[in-house]
Amino acid sequence: MWKARPEDNNPMSTNPAQATTSTPSNANAASTFNMPPKDNPKTNTTFSDRADVGHIGKSVVIRGELTGNEDLYLDGEIEGNIDLRDHKLVIGPNGKIKATITARDIVLHGRVEGNVSAQERVELKKSCTLIGDVSTSRIVIEDGAFFKGAIDIKEGQNRVEPKKSSASTGASGFSASTSYSASSGS
Amino acid sequence: MSSPNHSFARWFKGTGSADKKTSEDAKAAQRTSRRSIGLGEFMRCLKGTGEEKLSVLDLGSTSPTNIAFLTDLGVRVFTEDIVRASKDQGYVVRDGEGTETFDVDRFFKENLSYPENQFDAVLVWDATDYLPEPLVKPLVDRIYSVLKPHGTLLAFFHDKDAGPDMPYCRYHIVQPDTLEMEARPSLRLQRVFNNRHVENLFKDFASRKFFLGRDNFREVIIVR
C-alpha cells in the first residue's frame, strides 16, 4: 500500500543477535566484558573476569555434553546439553548455543536455540535471541531481546521482573572440582 | 477454511512521508496508557474455564509485563513476535527477473508452528495491520488452526485516519482493562481494514465483537 522505506529492508535489523560477530554492536558488547571493573561497573564484567568463573572463549566449539561445578562464562558455540545445576551460566554476545540448558541462574547475551531451565532466574539481555521454552522462578527480559517460546514460572516463586535489575545474583562459592567435559559427536 | 482473499480495502488519510522518523524516534520510549474494553472482555474470557492451565499465545513484541500479568493468573504464556519475524529478508525470494515474493510456506514452517488446538486464547494486537500482505490471510488461518474451539482472540485495527507512519506499538497489560502502548517506530503500517474486511478475514470464526474506542481504534474479540 505504501512504499517501503529503505530501513524496512534491513534484514532483521531489530534482531541484533542474528548479526555476525563483526558487527559494531557485538564488538562493543564483547569489549565490555574485557573492560576493567572500574571502567565498567556492570556486574557482568566482574563476572567474566573473576578467577573462580570458568571461561569458554568465542573460538571454542563444543559438540556434546557440558557439565560443571562452577560458574561459567560461555562465548563460544555449543551443540548438545549444558548442565551447571547449582551454578550461574552467562552466555556472551558471541555465544551460539543449540542446547538444552540447565543452571541455577542463566544470563543470555547471545543466541540460544533450545529449552532453558533455571532454578532461580533467567535474564534475557537486549542483544539476545532465545528460541525455546523457559522454565524458571524469575525472569527478566530487556527491551530488544528476541524471544520465541513458552514460559513456565515455577510454582510458589512466581516472579517476573518487567525491567532489568542492575545486578546479577552473583555466583555461589567456587567449587574446587572443575570438570568440563567436551565429548565428540552429536 | 476459505480460500485466501487479499482484496482488503486499503485507504487512509495521511502524508505518507517518512520525514517524521526523527520525531517518532523521540517518542519511541514513551508509554501511553489506554483503557481497553476489548482487553477487559478478553480477560473475562480467560476466566471461568476448567482447572487445566490455560495457554495463551502473544503475537506482539515480547513484553515482560504481559508475561508477569498472565503468569500471575496461572496462565502458560507463549510469545512470538510475528511482525518482527516477518521482517527477516531471508523470507524474500527473488526470481530470475528480480521480482520479489515472500516465501509464505517457509515462514509458517519456522513460525507459529504449533499443534492444532493448542491455545485457549491468542493476543494478536495490531499485527495484521503491519504484516506483509501475503502473510495476513495465512496467519489468520494458522491462528484458527492452533486456537481451540471457543478459544478467544483479541485483535486491534487502525482506522482510515491512520497514516503509514503510525508506529507499531508494543502493548503492555498493566490492568485487566488497561494497556500501556509503547511506540516502536521502525515498522510501518501496511494497510487498514474496514469492519467488513475484518468480518471477511475472520469469517471462519464463530463470532466477532467490535469495540470502538474514542480514538477510533477498533478492538475486536473473535471467538473460534
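# Notebook: a walk through chains A and B

I opened at strand 9 of chain B, where Arg184(B) is the bridge partner of Tyr168(B). Before going on, I remind myself that this is a predicted model.

**Entry 1: the sheet around that pair.** I looked up how the two strands run. Strand 8 of chain B pairs with strand 9 (residues 178–184) of chain B through seven bridges, in the antiparallel sense. I then asked which strands make up the open sheet here, and in what order. There are three in chain B, ordered 1-9-8, with antiparallel pairing. Strand 1 (31–35) and strand 8 (168–175) of chain B each have a single partner strand, so they stand at the edges with one side lacking a neighbour in the sheet. From one strand to the next, the twist averages 30°.

**Entry 2: strand 6 of chain B.** Is this strand enclosed or open to the outside? I found that seven of the seven residues of strand 6 (residues 119–125) of chain B are buried, so the rest of the structure largely encloses this strand. Next I traced its pairings. Strand 2 (residues 55–58) of chain B runs parallel to strand 6 of chain B, and three bridges join them. Here I noted Leu123(B) in strand 6 of chain B opposite Asp58(B). Strand 7 (residues 147–157) of chain B is also parallel to strand 6 of chain B, joined to it by five bridges. In that pairing, Thr152(B) of strand 7 of chain B is opposite Ala121(B).

**Entry 3: the nonpolar core.** Which residues touch the most other members of the largest nonpolar core? Among its 93 residues, they are Leu89(A) and Val122(B). The element giving the most to this core is strand 6 (residues 96–108) of chain A, with seven residues.

Entry 4: The average pLDDT of chain A is 69, and 55% of the residues score at least 70. Within chain A, strand 7 (residues 111–113) has the highest confidence, at 94, while helix 1 (residues 24–34) has the lowest, at a mean of 39. Residues 7–44 of chain A stay under 50, though the model has 59 contacts for them beyond four places in sequence. Residues 163–186 of chain A are also below 50, with 45 contacts in the model beyond near neighbours in sequence. A note to myself: where pLDDT is low, the predicted coordinates should not be read in detail.

How values were computed. Residues are numbered from 1 along each chain as its sequence is written. Chains are lettered from A and ligands numbered from 1 in the order in which they are written. This is a predicted model: local features need pLDDT of at least 70, side-chain atom pairs count only at pLDDT 80 or more; totals for chains, interfaces and linings use all residues. pLDDT is the predictor's confidence in each residue, from 0 to 100. Helices (H or I, at least four residues) and strands (E, at least two) are DSSP runs, numbered from the N terminus. Two residues are in contact if their C-beta atoms, placed from the backbone, lie within 7 Å. Two strands pair if DSSP finds at least two bridges between them. Axes are lines fitted to C-alpha atoms, for helices over the stretch in contact, and angles run from 0 to 180 degrees between N-to-C directions. A nonpolar core is a set of buried Ala, Val, Leu, Ile, Met, Phe, Trp, Tyr and Cys residues joined through C-beta atoms within 7 Å. A residue is buried if 20 or more other C-beta atoms lie within 10 Å of its own, exposed if 12 or fewer, and partly exposed in between; C-beta atoms are placed from the backbone.
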